[in-house]
Amino acid sequence: MEDPDFAVHLTGVGERGIEVGIEVVKAVRAVTGASPWRSRQLVDGAPVGLVAEAALERAVAAAARLRAAGAGAEIRCGWCRRTLPADDAPVDPGPCASVYWPTAHCRANALTVCDCGWCAEHGPTSLTRPRAGGTL
């Protein structure tokens, strides 16, 4: 089964103190690999997408780094376009737009049970079991 991709969006910098601005530029540079000049442009152009088509773990790490620097960051599922909450709260279990798997298998979803043929035959997959924080 193919995993969805996730995107990280810089939503803002909040209080634009000089220290916060420098830390956010450094975080953007670390996340994107862009030059300091280009990183500053991205920060000034917020809201802007920084990372596209990334695995969930990479997207979570990038958003955490941005938030630690004082920036606002969102993680969006590439298939269902829903935004994952920053506090690891479950996402609304609405339908996923994926053509590859049932809604319960969407990594951006909060469902922990599935009635698809695969799960009925083989049991829940790692995608339908909750992660340590209680979400998928």
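Buried means under 20% relative accessible area, exposed over 50%, and partly exposed in between, with a 1.4 Å probe and protein chains only.

**Ground rules.** I'm looking at a predicted model, where local features need pLDDT of at least 70 and side-chain atom pairs count only at pLDDT 80 or more, while totals for chains, interfaces and linings use all residues. Residues are numbered from 1 along each chain as its sequence is written, and side-chain values use heavy atoms, with hydrogens and water left out.

**Confidence.** I checked pLDDT, the predictor's confidence in each residue from 0 to 100. The protein chain has a mean of 76, and 56% of its residues reach 70 or more. By element, H2 has the highest mean pLDDT (93) and helix H4 (residues 117-122) the lowest (65). Over residues 126-136 the pLDDT is below 50, yet beyond near neighbours in sequence I find 32 contacts for this stretch in the model. Contact here means heavy atoms within 4.5 Å. Helices (H or I, at least four residues) and strands (E, at least two) are DSSP runs, numbered from the N terminus.

**Core.** Which residues touch the most other members of the largest nonpolar core? I get Val28 and Leu66, out of 27 residues. S1, helix H1 (18-32), H2, S2, H3 and S3 each give two or more residues to this core. Leaving aside neighbours within four places in sequence, I listed the contacts of Leu66: Val8, Ala27, Val28, Val31, Leu50, Ala71 and Ala73.

**Ser39.** Not counting residues up to four places away in sequence, Ser39 touches Val25, Val28, Arg29, Thr32 and Ala34. Its relative accessible area is 0%, so I log Ser39 as buried.

**Sheet.** I traced 4 strands in an open sheet, ordered S2-S1-S3-S4, with antiparallel pairing. S2 and strand S4 (83-84) stand at the edges with a single partner strand each, so one side of each has no neighbour in the sheet. Helix H3 (residues 56-68) packs on the sheet and touches S1, S2, strand S3 (72-77) and S4; the direction of H3 makes about 165° with that of S3. For angles, axes are lines fitted to C-alpha atoms, for helices over the stretch in contact, and values run from 0 to 180 degrees between N-to-C directions.

Two strands pair if DSSP finds at least two bridges between them. Strand S1 (residues 6-12) pairs with S2 over 4 bridges and with S3 over 6 bridges. S1 is mostly covered, with 6 of its 7 residues buried.

Where does Pro47 lie? I place Pro47 in the loop between helix H2 (36-44) and strand S2 (48-54). The peptide bond from Ala46 to Pro47 is cis, with omega near 5°. Further on, Glu53 in strand S2 has a positive phi of about 50° although it is not a glycine. Is Glu53 buried or exposed? I have Glu53 at 66% relative accessibility, so Glu53 counts as exposed.

Definitions and conventions: Core = buried A, V, L, I, M, F, W, Y, C linked by side-chain atoms within 4.5 Å.
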